[in-house]
Amino acid sequence: MTNSDIPRERPLSPHLQVYSPMLTMMMSIVHRITGAALYFGTVLIIWWLIAAASGPSHFELANAVLSSWIGLLVLLGYTWAAIHHMLGGIKHLFWDMGRGFELNTVELNARLTLAGSVVLTILVWVIAYGVS
Amino acid sequence: MSLRTPLSKVRGLGSAKDGTDHWWHQRVTAVANIPLVLIFTYVVISSIGKPHAEVAALLGSPLVVIALVLMIGSLTWHMRLGMQVIIEDYVHSEGRKIACLLANTFFTAAIAVAGIFAVLKLGFAS
């Protein structure tokens, strides 16, 4: 437990600013950032569901906002954040099983997560565009 | 020599008194979220460009309602656990930390209730 009454003069362990950025480190940071972004973004999902449950006029309003260019931009970012967080999460599940800790595997996974998140986001949006 | 009492050793739950529950719940919900979010993505894509009546019927069909209620439950529990870790990592003043943890619980509970209510309303209406 941290105690805020203790003076802050104690030595601190090295933190982010003393390390040069590495891909694996960036992916870890991005995993947390996407998690936080997804957290607040659920407001949009819930708003869409409430709009659908409220009736046609509210639903039209939600659709108009979400399909405006800024709405689409937010949804595009949300899709990428969700896929990136999901791929990173799957990697964590393998780590939890004690697999994939070799340095080259870790590095490869970081690249695959990044590339995979971009490719899958494009795929989802191409499918969505094809449907509409 | 250990300062732990025999009882606390047997329970093995540590100082926070919930052992590995936080970690384990985060994993259980993470695994559950994968198929449920994929189903939701499919539902959203299927709804694009459709009029309200059709979307309401799709969202209200039994299998979709069941999947969405499960998703909202698992997702909001996962959100609460994840944000709790972020708060505990970055908010050090005890008062502000407790305020943030409370806000986290209230926000995720509100999201859960609102989402589940909306989906159930659609389900019972159609």
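Modeller: Let's go through the chains, then the contact between them, then a few single residues.

Modeller: First, some housekeeping. This is a predicted model, where local features need pLDDT of at least 70 and side-chain atom pairs count only at pLDDT 80 or more, while totals for chains, interfaces and linings use all residues. Residues are numbered from 1 along each chain as its sequence is written, and chains are lettered from A and ligands numbered from 1 in the order in which they are written.

Colleague: How many helices and strands does chain A have?

Modeller: Helices (H or I, at least four residues) and strands (E, at least two) are DSSP runs, numbered from the N terminus. Chain A has four helices and zero strands, giving the pattern α-α-α-α along the sequence. Chain B has five helices and zero strands, and its pattern reads α-α-α-α-α.

Colleague: What does the radius of gyration of each chain look like beside that of a compact globule?

Modeller: The radius is taken over C-alpha atoms, and the globule rule is 2.2 Å times the number of residues to the power 0.38. For chain A, a compact globule of 132 residues would come out near 14 Å, but the chain has 20 Å.

Colleague: Which residues have the most contacts inside the largest nonpolar core?

Modeller: A nonpolar core is a set of buried Ala, Val, Leu, Ile, Met, Phe, Trp, Tyr and Cys residues joined through C-beta atoms within 7 Å. The largest one here has 33 residues, and those with the most contacts inside it are Leu49(A), Ala52(A), Leu59(B), Leu68(B), Met71(B), Val119(B) and Leu122(B). At least two residues of this core come from each of α1 (23-54) and α3 (69-96) of chain A, and from each of α2 (21-47), α3 (52-59), α4 (62-90) and α5 (94-125) of chain B.

Colleague: What does Leu49(A) touch?

Modeller: Two residues are in contact if their C-beta atoms, placed from the backbone, lie within 7 Å. Leaving aside neighbours within four places in sequence, Leu49(A) is in contact with Gly115(B), Ala118(B) and Val119(B).

Colleague: How many residues does each chain bring to the contact?

Modeller: Chain B gives 29 residues and chain A gives 24 residues. On the side of chain B, the elements giving two or more residues are α2, α3, α4 and α5. For classes, Ala, Val, Leu, Ile, Met, Phe, Trp, Tyr, Cys and Pro count as nonpolar, Asp, Glu, Lys and Arg as charged, and the others, Gly among them, as polar. That side of chain B has 18 nonpolar, eight polar and three charged residues.

Colleague: How do I describe two packed helices?

Modeller: You use the angle between their axes and the distance between the axes. Axes are lines fitted to C-alpha atoms, for helices over the stretch in contact, and angles run from 0 to 180 degrees between N-to-C directions. Here α1(A) and α2 (residues 56-66) of chain A pack at about 150°, with axes 7 Å apart. That makes α1(A) roughly antiparallel to α2(A). Angles under 35 degrees count as roughly parallel, over 145 as roughly antiparallel, 65 to 115 as roughly perpendicular and the rest as oblique.

Definitions and conventions
Buried ≥ 20, exposed ≤ 12 C-beta atoms within 10 Å, placed from the backbone.
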